[in-house]
Amino acid sequence: MSGPNGKKMSSLEHMNVVITGHVDHGKSTVIGRLMADTGSLPEGKLDQVKASCARNSKPFEYAFLLDALKDEQSQGITIDSARVFFKTKKRHYIIIDAPGHIEFLKNMVTGAARAEAAFLTIDAAEGVQENSRRHGYLLSMLGIKQMCVLVNKMDLVDYDQKVYKSVVRKYTRFLKNINMENVKFIPVSGMEGDNIASMSKNMPWWKGDTVLTLIDKFKKEKAPVDLPFRMPVQDVYKFTAMGDSRRIIAGTISTGTLKLGDELVFYPSGKKSKVAGIEQFNGDPPETVPSGAATGFTMSEQIYTKRGDLVVRAGEKPPQTGNVMRVNLFWLGREPFVRDKEYILKTGTERVRMKLFDTIKVIDASNLNSDGMKKMVERHDVADCVLSTKRPIAFDLVEDFPQTSRFVIVDGYEIAGGGIIREVIRDNKANYRDRVMDRNLKWDTSDIPRESRSETYGHAPSLILVGGPEDKRKAAFAKTIEKKMFAEGNKVYYLGVQNVLAGLDSDMEIKRHQTYPEDREEMVRHLAELANILLDAGIILVATVSGLTYDEQEMFRTSVSPETVRTVWVGNTDGLEVEADYVITDVGEASEHLESVMKMLKTKGIGK
Amino acid sequence: MDQLSQLESLGVHILREAYANFRNLCMLWSIGKDSTVLLWLARKAFYGHVPFPLVHIDTHYKIPEMIEYRDRLTREWKLPMVYGENKAALEAKQTYPDGNVDRINCCRLLKAEALKNTLNGSWPRYRFNHEADEYQVDKDTEAYTGVIVGVRSDEEGSRSKERYFSPRDTENAWDVGDQPPEFWNQFKTDFAPGTHVRIHPLLDWTETNIWEYIEREGIPTVSLYYDQGEGIRYRSLGCGPCTHPVESDAKNVRDIIVELQSGKFANIAERSGRAQDKEDGGGLETLRREGYM
Ligand SMILES: Nc1nc2c(ncn2[C@@H]2O[C@H](COP(=O)(O)OP(=O)(O)O)[C@@H](O)[C@H]2O)c(=O)[nH]1
């Protein structure tokens with residue numbers, strides 16, 4: 001953020017402004033003119049370019065100034081192809097001009113996401129074009145709240161107020177459709193300099209701003225320090241090998257302020273703890289940290305959390321959790337966004353496999369014509385669709401907290417799309433998730449940290465589910481796993497469904513093959529809750545569940561999250577819908593697989 | 001937050017993203033002020049630790065103070081220090097001006113080639129063993145897939161088009177025309193086998209920001225940056241034969257900031273003291289494509 005005048009930038013305010021618009025509607029001309037008329041060019045540059053045009057007998061263009069200035073970059077001066085530096089009495093500006101033709105939109109999105117305000121040029125003679133709309137739409141999705149439309153080339157339409165008004169009317173109608181409000185308009189001529197740096201004599205009817213007066217009216221976005229607290233967990237640091245025993249939860253604060261002693265809740269698990277100390281490498285540790293800061297803190301209770309979790313303050317509006325969500329997105333990838341293909345979704349620091357579940361509306365952003373039948377999202381389309389992630393994640397809705405509602409989609413190795421989450425769609429597992437979250441919120445954590453138990457026991461807690469069709473030999477096999485692990489010095493415990501049925505579930509009328517679905521669900525829930533308690537006690541639990549379904553497996557995962565769950569399937573795989581880590585099709589030969597099962601468990605980090 | 005704190009926070013955030021996403025990560029440390037600020041940011045991000053190797057390409061033509069300073073900080077801060085070099089070119093005297101190649105080729109061999117082969121692990125790396133207090137051949141020869149570099153976009157033209165996370169292909173080449181989109185602090189952390197990603201936490205910093213931050217944090221820098229009484233100092237550091245001091249009586253960080261803001265350097269590019277930038281029009285751009293920084 002520098003330039004010839006930029007050397008003293010630190011003392012003045014800074015602002016990034018992006019300029020967009022349909023090709024040839026005059027972005028470069030407007031910028032060149034703005035530079036020239038505010039004396040922001042290196043001395044003699046204007047004359048030099050004019051002279052060179054005259055020599056080559058081509059008409060002078062203000063847009064050439066930008067090209068000419070590129071040569072000066074190596075001297076660190078004023079401009080480069082992507083960023084133009086200039087200043088007013090009030091501020092230093094970087095005008096981000098997204099260059100490139102083929103990859104224009106990728107550059108524009110990148111540039112605009114770094115800007116606090118936007119200019120968009122529309123040719124008064126040509127009127128609103130495809131990219132005038134597309135860029136407007138993208139700016140709104142990117143979260144740009146301040147925008148000014150420059151109705152350019154007014155000289156070509158005889159500075160006619162009617163033409164100006166008609167462009168304003170048309171474009172305003174479009175903006176209304178995409179919920180973009182408070183957009184300003186200025187009639188200008190980049191070529192003639194009307195209303196760029198000074199009021200136009202050719203448009204006496206115009207009493208509003210010039211580009212120069214308007215730019216200073218853009219407001220600096222206030223850091224969202226007063227909003228509820230949100231911080232995606234970026235990492236959990238424990239540099240034990242380097243002689244440091246602190247366990248530091250690191251992340252950058254999205255909104256709100258972190259305070260020493262705050263009670264925090266970690267989503268999607270809903271586990272809670274207090275801020276014991278805010279950590280800092282040098283200097284006195286602060287008591288509060290504002291939004292935007294990259295920070296880290298230690299906790300009073302050592303609950304398990306990991307990268308991707310969303311931290312909020314207890315008592316403030318909780319985030320959403322779920323794995324099906326309705327979103328608005330834009331697509332930049334060469335390959336279209338289609339169903340039945342796996343992608344990666346990244347939001348905050350979370351990263352999860354996902355699929356396109358349904359397209360509700362695919363909009364050709366250039367004309368806002370929507371196609372309700374289109375089942376894929378093509379490059380440069382904008383769409384309203386439903387995504388499903390492989391496991392539940394925590395996020396906010398755009399209407400609550402835009403920062404934490406944003407996501408990108410990775411296709412292969414590339415970021416191919418981005419969007420905002422508008423709504424969470426509750427699936428059938430949502431109720432159970434809520435109950436677990438509620439339980440975790442109310443959990444009275446012991447003073448012995450989870451790590452201490454693991455250190456003393458020599459292993460982390462985990463759950464080994466043994467599923468498969470009804471068969472006594474399945475339980476027998478599970479017990480051999482228990483025995484083997486026990487012999488190796490693990491704190492391990494076998495729990496069969498029978499044990500639960502006989503005790504905890506004795507009030508339920510469960511008979512073999514006659515379990516009502518609600519009862520079965522309740523039974524599995526009991527088992528899952530028990531598993532959570534045993535894992536909290538630091539134990540490796542081996543549990544058998546006949547006919548384990550995918551939903552039930554999910555229930556266990558939700559309950560003990562984020563501890564490890566591994567599943568061994570024993571028996572006929574006809575009814576297999578769970579994700580199994582090991583499958584033994586022939587129950588009779590189960591014992592022969594013991595060694596390999598143990599090996600698998602070990603490689604997955606279970607046991608000593 | 002003030003501007004320096006914002007720059008610092010984004011830098012720390014980027015370093016942490018890199019650390020979370022790349023298994024074979026390293027940071028280039030040229031000993032200069034920018035990469036030393038970067039090193040400082042790493043210590044901030046990881047609370048005094050640097051959890052990935054610092055890689056220095058030793059041309060053996062560096063000004064001696066630079067290497068002394070490197071090894072002093074390595075010991076003091078217990079840094080995981082690694083260096084690489086182009087042994088063959090040095091032995092064959094493919095150097096400038098005392099050898100038999102021109103300036104640009106010397107740069108290409110001692111910097112670009114050495115960098116490429118050190119990063120991909122095909123040439124030996126020398127790692128500082130703190131117990132033995134000496135450099136030893138590093139057993140780790142795996143290619144680094146994430147390389148953190150302290151470039152700033154105001155340094156010269158081509159860098160303004162950079163991303164914070166910028167992919168490089170197997171040949172270390174950089175496709176300026178087709179860059180990944182980068183928004184909302186979501187970066188390109190997925191990459192095809194054989195390719196790697198350059199990570200640029202200092203992209204938005206200016207030369208003045210660097211010095212202001214050095215002043216604010218009290219970061220130790222090489223004495224070569226300051227006038228020692230002879231009225232000259234280095235503004236940018238490189239190899240002895242091709243880096244020339246500028247006339248200046250700035251004796252400390254504050255003097256440098258004042259000089260940058262109002263003094264004679266306000267309109268002169270930082271790298272003007274580096275000869276290879278001038279040799280051919282796009283010299284740096286060429287070297288850059290080949291991976292030199
Ligand atoms: N008559 C007239 N022509 C203009 C004006 N602004 C730009 N142009 C012309 O429109 C063409 C495209 O302008 P340019 O600034 O390169 O557009 P960009 O593609 O948006 O950067 C050039 O030939 C300019 O001379 C204007 O205000 N009036």
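Modeller: Let's start with Lys78(B), which sits in the loop between α3 (64–76) and β3 (81–84) of chain B. Helices here are DSSP runs of H or I with at least four residues, strands are E runs of at least two, and both are numbered from the N terminus. Before going on, a word on the basis: this is a predicted model, where local features need pLDDT of at least 70, side-chain atom pairs count only at pLDDT 80 or more, and totals for chains, interfaces and linings use all residues. Residues are numbered from 1 along each chain as its sequence is written, chains are lettered from A and ligands numbered from 1 in the order in which they are written, and side-chain values use heavy atoms, with hydrogens and water left out.

Back to Lys78(B): its phi is near 55°, a positive value in a residue other than glycine. Lys78(B) counts as exposed, at 63% relative accessibility. Exposed means over 50% relative accessible area, buried under 20%, and partly exposed in between, with a 1.4 Å probe and protein chains only.

Over in chain A, Asn195(A) isn't a glycine either, yet it has a positive phi of about 55°. You'll find Asn195(A) in the loop between β6 (184–187) and α7 (211–215), but this one is buried, with a relative accessible area of 1%.

Then the cis peptide bonds. One joins Tyr267(A) to Pro268(A), with omega at about 10°; Pro268(A) is in the loop between β11 (263–267) and β12 (271–278) of chain A. Another links Tyr96(B) and Pro97(B), with omega at about 0°, and Pro97(B) lies in the loop between α4 (87–91) and α5 (103–119) of chain B.
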